[in-house]
Amino acid sequence: MTGMLASVNSLDEAALVLNLQADIIDLKQPEQGALGALETGLVRQIVAHIDGRCPVSATVGDLPMQPALVFEAVKAMAETGVDYIKIGFFPGGDWLGTVDKLSALTGQHALIAVLFADAQPDLSVIAYLKDAGFKGAMLDTMDKQKGSLLQVMDETTIGQFVEQTKACQLLCGLAGSLRLADISGLMPYQADYLGFRGALCQQHNRIAQLDTEAILQIRQAIADAA
């Protein structure tokens, strides 16, 4: 069953999507990039408010792939008590060295690697993530102006990502400026969750306030397509 991940940037937004039955509450700051991070004190406050009623994930920011830098950011976010920690695998840098460094944390914490569809990611890293103890992988987009996931990556490659991720028994997520109209095209892949931010906001602006009606429409569309 494919669930809905809703990205939020405040305690009020988290409380709203909890009441509207989001399947995963994702904490990030859209104003600070594709995976902008919230301050750890705020993350801790939101985790305490949710109190186990819904899984919570959090991003660690748009960081270069430098093993020590990413490791320290993940370690700090892990101390907030979130269920999942999302790490963006941005172009360049030391991907395998970063995965190796993070493997020291995967025994205690659930790490999710985020690959960017508009950067033509190397899907061979998925098996490496599995070996390092990662919990899951997801597709997203870096440049939110280029369009949705289905506009920047062909369906064959999306299918390969889902197939490889599931073959490694990792959680699988699809995101990236997803719109209401994208749901019917993505549901057949049977990802574990579809991630949304802009589509949940007023005027579909990812840095605007959440729109209750838009959230309900997304939820209903996922249920109908299932």
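Buried means under 20% relative accessible area, exposed over 50%, and partly exposed in between (1.4 Å probe, protein chains only). The model is predicted: local features need pLDDT of at least 70, side-chain atom pairs count only at pLDDT 80 or more, and totals for chains, interfaces and linings use all residues. Residues are numbered from 1 along each chain as its sequence is written, and side-chain values use heavy atoms, with hydrogens and water left out.

**Exercise 1.** State how many helices and strands the protein chain has, and decide how compact the chain is.

*Solution.* Step one: the protein chain holds nine helices and eight strands. Helices (H or I, at least four residues) and strands (E, at least two) are DSSP runs, numbered from the N terminus. Step two: the radius of gyration is 16 Å, close to the 17 Å that the globule rule gives for 226 residues, so the protein chain is as compact as a globular protein of that length. The radius is taken over C-alpha atoms, and the rule is 2.2 Å times the number of residues to the power 0.38. Step three: the C-alpha trace spans about 45 × 40 × 30 Å along its principal axes, and 54% of the 226 residues count as buried.

**Exercise 2.** Describe which way the residues of strand S1 point, and find the strands that pair with S1.

*Solution.* Step one: strand S1 covers residues 3-8, and six of its six residues are buried. Step two: Gly3, Leu5 and Ser7 point one way, while Met4, Ala6 and Val8 point the other way. In a regular strand the side chains alternate between the two faces of the sheet. Step three: two strands pair if DSSP finds at least two bridges between them. S1 pairs with strand S8 (residues 193-196) in the parallel sense over four bridges, and Leu5 stands opposite Gly195 in S8. S1 also pairs with strand S2 (residues 24-27) in the parallel sense over four bridges, where Ser7 stands opposite Asp26.
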